[in-house]
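This report is meant to be read beside the structure itself. Please look over the sequence and the model before going on to the sections that follow.

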Protein chains: 2
Amino acid sequence: MMHRNGLRPSAQRIAVLSFVANCRTHPSADEIYSRLSGKFPSLSRTTVYNSLHALTDASLLRELEIESGNMRYDFKPQPAHGHFVCRKCGKIFDTPLPRSLADSLTPGFCIDCVEIVYRGLCDICNKQ
Amino acid sequence: MMHRNGLRPSAQRIAVLSFVANCRTHPSADEIYSRLSGKFPSLSRTTVYNSLHALTDASLLRELEIESGNMRYDFKPQPAHGHFVCRKCGKIFDTPLPRSLADSLTPGFCIDCVEIVYRGLCDICNKQ
DNA sequence: ACTAATTTTGTAACGCTTACAATTAAGTTA
DNA sequence: TAACTTAATTGTAAGCGTTACAAAATTAGT
């Protein structure tokens with residue numbers, strides 16, 4: 001994957017990418033750093049940020065502006081989806097995209113991507 | 001409006017609220033501060049943040065997590081709408097919401113609000 | 001006018017992110 | 001393999017938006 005985009009697949013970058021890809025929580029840079037510094041004792045925060053930027057530029061990751069002051073990351077090759085943020089437990093759930101999203105846009109506009117964030121209570125918190 | 005929510009309508013708060021309400025650009029805290037410090041020479045950044053928080057808590061403003069590291073503000077009493085961010089000129093356009101947004105959500109979830117951000121090229125930048 | 005409560009203000013600090021230079025590692029050529 | 005070139009990693013320091021806090025100023029009610 002990285003070779004195709006002229007990215008050198010270093011051990012750190014592989015670790016960052018596969019962690020985000022296998023992690024269901026859309027982790028932040030700091031979460032990634034904390035979880036990986038066990039395997040890479042010399043890991044630097046800067047490396048995590050560098051990797052995240054490189055992988056984002058290569059369209060392997062997507063940045064989620066879901067939480068103020070904390071960028072979160074998503075594995076991009078997955079099918080497009082929205083996100084639901086529970087205001088109580090803070091968990092983030094993937095949601096399917098509603099059909100006909102582009103319907104309501106002015107003609108002449110060119111859409112690169114659509115970001116949908118629902119906020120509310122998840123089913124578990126809603127019961128309590 | 002503020003009285004109804006137990007908010008004291010100070011001159012600064014009125015200025016912040018009416019500036020956001022009449023400003024089509026969804027301004028950031030810093031933009032608000034810059035534009036208002038002419039009328040209020042002693043205005044403090046903290047006051048702007050305080051006012052924005054108070055007005056947000058009172059549901060008169062809405063926070064937009066559109067731009068990383070820069071919260072933007074929207075006048076809430078307007079009908080619900082999405083936002084289109086042009087990747088070239090950076091302008092933010094209001095867009096109508098697509099119908100049946102809640103369709104795709106898991107039952108049991110309670111939706112407080114939906115945020116939709118389109119990214120791409122606006123009609124003017126698209127022509128160039 | 002007096003008191004009590006709220007708001008504004010300025011400074012300092014916080015947290016996430018970036019800039020930068022030095023070190024290390026990885027590819028390339030001979 | 002050895003020398004060379006390029007790219008990635010690391011640590012420190014700085015940047016930026018935001019928040020915490022205490023003092024001063026303003027407002028509201030008696």
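In what order do the elements of chain A run from the N terminus on? They follow the pattern α-α-α-β-β-β-β-β-α.

## Basis of the description

This is a predicted model, in which local features need pLDDT of at least 70 and side-chain atom pairs count only at pLDDT 80 or more, while totals for chains, interfaces and linings use all residues. Residues are numbered from 1 along each chain as its sequence is written, and chains are lettered from A and ligands numbered from 1 in the order in which they are written.

## Chain A as a whole

The secondary structure of chain A comes to four helices and five strands, where helices (H or I, at least four residues) and strands (E, at least two) are DSSP runs numbered from the N terminus. Along its principal axes, the C-alpha trace of chain A spans about 45 × 45 × 25 Å. Of the 128 residues of chain A, 23% count as buried; a residue is buried if 20 or more other C-beta atoms, placed from the backbone, lie within 10 Å of its own, exposed if 12 or fewer do, and partly exposed in between.

The domain assignment, which is automatic or comes from a database, divides chain A into domain 1 (3-75) and domain 2 (82-127). The C-alpha centres of domain 1 and domain 2 of chain A lie 23 Å apart, and the contact between them takes four residues from each of these domains. Here two residues are in contact if their C-beta atoms, placed from the backbone, lie within 7 Å.

In chain A, β1(A) and strand β2 (residues 70-75) pair in the antiparallel sense over five bridges, pairing being assigned if DSSP finds at least two bridges between two strands. Within this pairing, Arg62(A) stands opposite Asp74(A) in β2(A). The hairpin of β1(A) and β2(A) has two residues between the strands, and Gly69(A) takes a positive phi near 75° in it.

## Where chains A and B meet

Between the two protein chains, 33 residues of chain A are in contact with 33 residues of chain B. On the chain A side, β1 (61-67), β5 (110-121) and α4 (123-127) each supply at least two residues, and the largest share, 12 residues, comes from β5(A). The residues on this side divide into 18 nonpolar, eight polar and seven charged, where Ala, Val, Leu, Ile, Met, Phe, Trp, Tyr, Cys and Pro count as nonpolar, Asp, Glu, Lys and Arg as charged, and the others, Gly among them, as polar.

β5(A) also pairs with strand β5 (residues 110-121) of chain B, in the antiparallel sense and over 11 bridges. In this pairing Ile116(A) stands opposite Ile116(B) in β5(B).

## Nonpolar cores

A nonpolar core is a set of buried Ala, Val, Leu, Ile, Met, Phe, Trp, Tyr and Cys residues joined through C-beta atoms within 7 Å. The largest has 18 residues, of which Val85(A), Ile116(A), Tyr118(A), Val85(B), Ile116(B) and Tyr118(B) touch the most other members. The elements that give two or more residues to this core are β3 (82-86) and β5 of chain A together with β3 (82-86) and β5 of chain B. Apart from it lies another core, of 12 residues, among them Val16(A), Ile32(A), Leu52(A) and Leu55(A).

The largest share of the surface near DNA strand C, four residues, comes from α3(B).

## A loop residue in chain B

Ser28(B) is found in the loop between α1 and α2 of chain B, and it counts as partly exposed because it has 19 C-beta neighbours inside 10 Å. Not counting residues up to four places away in sequence, Ser28(B) touches Asn70(B), Met71(B) and Arg72(B).
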